[in-house]
Amino acid sequence: MKRDNSNLKLYGTPLSQPVRAVIWVLLHKKKLFDLILMNPGSKGPIGTRNPAFLCKNPNGTIPFLEDKTNSVSMAEASAILIYLCRKHKWEDLYPNDPIKCSKIDWYLHSHHRGIRDAALGYFAPSVRKDLAFPEVLLTTAKRSFTRSLETLEQHWLANDQFIAGEYLSVADFMAYSEIGQLKPEFTNLFDFKSFPNIKRWMNDMTTLNSHNDAHLCLTMLGDISTKEPEIETIANANKTGYKTIIERQLSF
């Protein structure tokens, strides 16, 4: 199924954590967009290292957003989410008041060297069969993720419902894309029994609009804690996730 009736084009793949965060916010806000499937690291026709894509984004990263209404092209999920919130005045997710969004910015700027390491330490070694990860790198990533998770547990979420306070924000979408993928209902790659505040927060996030649609790819991937998924399973999870995301927009 293919659509091409939106001014927004999002390049990426549903199994990518930062891509999924942007997808979820767009679905949550019922904003139409075209999802252009990309193959991370590949030089093939839809690869992120293909010369045509590198002309758009020299870093070859996803997500990558094109907004035809004002000729904006940009990468990095946090920057994309802030741009979308500012443009569409989604002040419930990113306030116009700099004081109110200070904690959101604080989290977003720390995300890449903390919670983001969930992907490197746990998720990527099982699903990125094209890459070889040195053991020391994986160990460092796991430690970094665990320390950041402890900070969320003991401070950020100790007295507040959401990361930036009592109100949902883009910080929660970014964090959940990494943390949530590891829970038993999805890949089952991390034991959260020592993190009751994190578990409560994740349960709250699952009640949000379009959670299941945005994360169906993880449901399809399933428990990979004892056996790495086959390449066909990974491909089918992405394809099914893509189809669901497109179909969800037909109800907008």
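**Exercise 1.** State which helices cover the buried residues of α8, and where those residues lie on the helix.

*Solution.* The cover of the buried residues of α8 includes α1 (17-28), α6 (135-156), α7 (170-179) and α9 (211-214). Helices here are DSSP runs of H or I with at least four residues, and strands are runs of E with at least two, numbered from the N terminus. The model is predicted: local features need pLDDT of at least 70, side-chain atom pairs count only at pLDDT 80 or more, and totals for chains, interfaces and linings use all residues. Residues are numbered from 1 along each chain as its sequence is written, and side-chain values use heavy atoms, with hydrogens and water left out.

Next, identify the residues concerned. In α8 (residues 196-206), I198, W201, M202 and M205 are buried (under 20% relative accessible area, 1.4 Å probe, protein chains only). Viewed down the axis of α8, these buried residues fall within an arc of 100°, so they line one face of the helix; the arc is that of the directions from the helix axis to the C-beta atoms. An α-helix has 3.6 residues a turn, so residues three or four places apart point the same way.

**Exercise 2.** Describe the protein as a whole by its secondary structure, burial and contacts.

*Solution.* Begin with the elements: the protein has 11 helices and four strands. Then take burial: 52% of the 252 residues are buried. Finally, consider contacts (heavy atoms within 4.5 Å): of those between residues at least 6 apart in sequence, 67% join residues at least 24 apart. The C-alpha atoms fill a box of roughly 45 × 45 × 35 Å along the principal axes.

How values were computed
Buried means under 20% relative accessible area, exposed over 50%, partly exposed in between (1.4 Å probe, protein chains only).
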